[in-house]
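Hi,

Here is the structure I promised to pass on. Have a look at it first, and then read my notes below.

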There are 2 protein chains.
Amino acid sequence: MRSALHFLVVARRCEIDELETLAHTCGLVGAIGRLVHGLQRERGLSNVLLASGGRRFAAQRQAQLGECLRLEQDVRDAFDELESQAHRGGSGTRLFSRIAAVVPGLDALPVLRQRVGALELDAAAATTAYGKLVAGLLAVVFEAADGATDPEISRLLAALFNFMQGKEFAGQERACGGAAFAAGGTDEARRQHWLKLIAAQDRCFRFFVDFAGPAAAERWQRSQPLAELAELERLRRIACTTAGTVLDADLATTWFDCCSLRIDAMKAFEESLTDTLQSCCVNKVAQARAEAVSHETLLARLPEAGQALANAYFEGLGEPDATALAAPGGPFGQRFERSVLDMLQEQSLRLQRISDELEAVRAALNERKLVERAKGLLMARRRIGEADAHRLLSQTAMNQGRRLVDVAESVLSVADYLADGA
Amino acid sequence: MRSALHFLVVARRCEIDELETLAHTCGLVGAIGRLVHGLQRERGLSNVLLASGGRRFAAQRQAQLGECLRLEQDVRDAFDELESQAHRGGSGTRLFSRIAAVVPGLDALPVLRQRVGALELDAAAATTAYGKLVAGLLAVVFEAADGATDPEISRLLAALFNFMQGKEFAGQERACGGAAFAAGGTDEARRQHWLKLIAAQDRCFRFFVDFAGPAAAERWQRSQPLAELAELERLRRIACTTAGTVLDADLATTWFDCCSLRIDAMKAFEESLTDTLQSCCVNKVAQARAEAVSHETLLARLPEAGQALANAYFEGLGEPDATALAAPGGPFGQRFERSVLDMLQEQSLRLQRISDELEAVRAALNERKLVERAKGLLMARRRIGEADAHRLLSQTAMNQGRRLVDVAESVLSVADYLADGA
């Protein structure tokens with residue numbers, strides 16, 4: 001017949017297992033971040049290469065391919081290492097399914113690279129291909145955030161996911177602009193797409209700030225390279241103010257370098273986020289281990305602790321005397337009984353708090369997913385831009401006094417009844 | 001370098017592990033249901049014993065104690081068996097913490113029984129003590145429902161939890177009424193408490209119907225013993241219509257038998273719910289195993305399947321020809337590539353559906369928790385009954401065009417500003 005303390009130790013062991021698995025998952029997320037960064041650079045170089053008819057960036061691209069092969073191997077190793085971890089239950093099902101979905105994309109990279117090298121694709125097609133692969137890799141990160149059962153780690157992973165997503169839009173903007181400058185001009189469709197990418201970045205970094213909190217937001221602000229940011233805005237203005245502008249093809253390199261410096265700064269910041277995440281995992285594992293040891297010590301030293309807890313369970317029952325059910329002359333003072341009981345109650349309150357926080361993080365993560373889905377639907381059906389779709393949703397929410405996510409849910413639930421707009 | 005199919009198999013294995021652990025958890029839930037039923041009966045008998053000054057039900061209670069000892073051992077065995085299962089990650093942390101919190105209550109039962117036998121407690125104190133223990137056992141069931149990662153099983157567990165909770169209120173009503181009849185009368189406080197217990201049962205069975213669906217609701221309707229239900233309502237009317245009624249003490253046995261028959265019918269129905277849950281787990285494990293075997297067979301027979309998936313990954317890229325990136329003369333026909341790709345896509349859609357459903361079940365489970373908490377707060381602060389608190393919340397929701405849960409959240413968030421009402 002096992003005691004309450006025994007099951008508290010079991011609970012702590014479950015927590016330790018979970019945190020260790022999370023630490024491995026966070027390692028994978030770091031490796032994915034580095035590969036995504038490499039692929040973003042490879043995409044940018046490939047785009048300029050394709051748009052310039054093979055004249056620009058051939059050597060740089062070749063060097064980048066070697067770097068990417070190495071980073072890809074790290075990610076594949078992290079996949080394998082994650083598998084060698086103990087079983088992961090339900091969250092493992094989803095995580096490994098996402099991994100299974102993205103592996104064919106990694107396998108297909110050699111053929112993609114060969115076709116880019118032979119100039120068989122245009123810049124847009126190459127961007128789409130790399131974009132699909134990066135989206136698949138980021139889906140693994142999303143699943144890691146959604147499946148985490150520690151609210152603090154889940155929140156950090158959600159912040160990191162949004163940051164990585166924002167950085168991906170920055171990478172797409174680099175490719176889009178690189179192709180435009182290299183081609184010596186842009187058209188209305190590309191201009192619209194470009195503006196969308198700028199808005200999407202802003203949105204992701206707003207979400208990042210929400211999840212990461214004010215201190216991280218402050219560090220993020222300070223980490224941005226201001227000179228490059230100013231130059232970036234100048235080049236954006238030149239290219240995006242009016243459609244059909246003729247662009248100086250020599251600005252392709254300036255644009256690319258400027259974007260790359262900005263994205264590299266993002267990368268450095270992303271690494272610091274990953275480090276925070278890793279040390280958060282390590283600290284939590286250490287803390288849970290220490291608590292398990294202290295429970296185990298208590299368990300070994302006080303085999304009768306269970307009786308003390310039992311004595312306290314119905315304490316005060318039907319009598320003003322607070323030791324109502326305590327066996328008279330028991331081996332424990334009331335102080336000890338209280339301290340063990342406090343430990344149990346504290347654990348219970350802690351669980352409630354963790355459960356509530358986790359609920360809040362998951363809800364926020366999924367609410368954003370719903371809002372994004374509803375926006376996508378509106379953009380497709382009513383053929384409007386992202387900003388207009390957002391305005392439509394927020395306006396409706398404000399007019400009806402409802403939350404944005406509720407309006408989004410309504411939009412999605414009546415999707416089939418929405419007529420195609422003009 | 002492992003293939004996509006390999007990771008699909010890993011995902012399936014995680015799912016199987018999770019489902020097998022869930023099957024064990026469901027076994028525990030069944031054992032808890034039986035013990036709760038035994039304790040409810042013990043509480044009812046103890047209450048009449050105490051209220052009648054030891055004259056009634058002494059022998060029946062003694063027999064029931066033996067039965068309860070056996071059922072308690074089954075639950076303790078199920079706790080141990082659950083522990084011997086592979087690690088359970090985050091949901092295990094919460095489940096075992098709840099178990100740790102309830103074990104002292106089981107340990108304290110002998111002292112409680114001794115004091116009841118010596119007539120040292122009054123009926124109300126004994127009811128409170130048994131109620132605390134049953135609530136602790138039901139909290140384990142709630143955690144099992146909340147931690148399940150399969151939406152169908154989670155929904156069934158949530159239905160079962162609400163049913164068990166409703167049955168517990170029926171048990172409390174049996175004890176409350178038993179004490180009233182045995183004492184030969186009731187007062188206003190007991191009458192109010194009795195009415196609350198009736199409303200609480202109705203609410204739980206409504207929630208049960210929501211989670212279990214119409215077919216189970218229909219079976220639940222048919223399972224109720226109509227003659228006893230009519231007699232129950234008659235006795236309720238006699239006792240609850242006006243305060244201070246003098247009651248025929250001989251009706252204590254009639255009341256107790258009538259409630260017991262109704263609760264036994266609930267118990268039989270609860271057993272059928274537990275059976276459904278168990279066979280659902282068994283079927284799902286069998287299905288996941290079969291799928292894992294079929295993936296493994298495919299993996300063994302077609303080591304090059306990974307290449308086929310890779311070929312299909314960027315399919316249609318930048319060209320109207322749908323086999324754009326397929327290696328010419330590869331070993332696989334397009335039909336095969338499509339079927340493997342379909343498998344991956346199907347898996348991904350299935351995951352999205354599972355994730356959405358799980359979200360919905362968890363949200364519903366937690367929304368109810370929020371609404372109940374808000375009601376409890378209103379009842380305490382404004383000193384109103386449960387029905388009034390519910391009316392207040394729904395009225396506000398309707399007036400403001402908001403969901404009940406949003407109003408509940410607002411109430412909880414401004415809890416500290418609420419003045420004590422009259």
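To start you off: are Phe163(B) and Trp220(B) buried or exposed? Both of them are buried. Bear in mind that this is a predicted model.

Those two residues also meet ring to ring. The ring centres of Phe163(B) and Trp220(B) are 5.0 Å apart and the planes stand at 85°, so this is an edge-to-face pair. Phe163(B) belongs to helix α6 of chain B and Trp220(B) to helix α8 (residues 214-223) of chain B, so the pair ties together parts 57 residues apart in sequence.

While you are at helix α6 (residues 151-183) of chain B, follow it to helix α7 (residues 188-212) of chain B: the two pack at an angle of about 160°, and their axes are 8 Å apart. Angles over 145 degrees count as roughly antiparallel, and α6(B) and α7(B) are therefore roughly antiparallel to each other. The crossing of α6(B) past α7(B) is left-handed. Sorted by class, their contact has 20 nonpolar, seven polar and four charged residues.

Searching the whole structure turns up 32 aromatic pairs over all chains. One of them joins Tyr313(A) and Phe314(A): with ring centres 4.9 Å apart and planes at 85°, the pair is edge-to-face. Tyr313(A) and Phe314(A) are both buried. In chain A there is also one aromatic cluster, formed by Phe163(A), Phe205(A), Phe208(A), Trp220(A) and Phe269(A).

Last, look where the chains meet lysine to tyrosine. Lys132(B) lies over the face of Tyr313(A), 4.2 Å from the ring centre. Likewise, Lys132(A) has its charged end over the ring of Tyr313(B), at 4.2 Å from its centre.

Cheers

Terms used
Residues are numbered from 1 along each chain as its sequence is written. Chains are lettered from A and ligands numbered from 1 in the order in which they are written. This is a predicted model: local features need pLDDT of at least 70, side-chain atom pairs count only at pLDDT 80 or more; totals for chains, interfaces and linings use all residues. Side-chain values use heavy atoms; hydrogens and water are left out. Axes are lines fitted to C-alpha atoms, for helices over the stretch in contact, and angles run from 0 to 180 degrees between N-to-C directions. Helices (H or I, at least four residues) and strands (E, at least two) are DSSP runs, numbered from the N terminus. Angles under 35 degrees count as roughly parallel, over 145 as roughly antiparallel, 65 to 115 as roughly perpendicular and the rest as oblique. A crossing is left-handed if the near helix is turned anticlockwise from the far one by less than a right angle, and right-handed if clockwise. Ala, Val, Leu, Ile, Met, Phe, Trp, Tyr, Cys and Pro count as nonpolar, Asp, Glu, Lys and Arg as charged, and the others, Gly among them, as polar. Rings of Phe, Tyr and Trp (its six-membered ring) pair if their centres lie within 6.5 Å; planes under 30 degrees apart count as stacked, over 60 as edge-to-face and the rest as tilted. Buried means under 20% relative accessible area, exposed over 50%, partly exposed in between (1.4 Å probe, protein chains only). A charge sits over a ring if NZ of Lys or CZ of Arg is within 6 Å of the ring centre and within 35 degrees of the ring normal.
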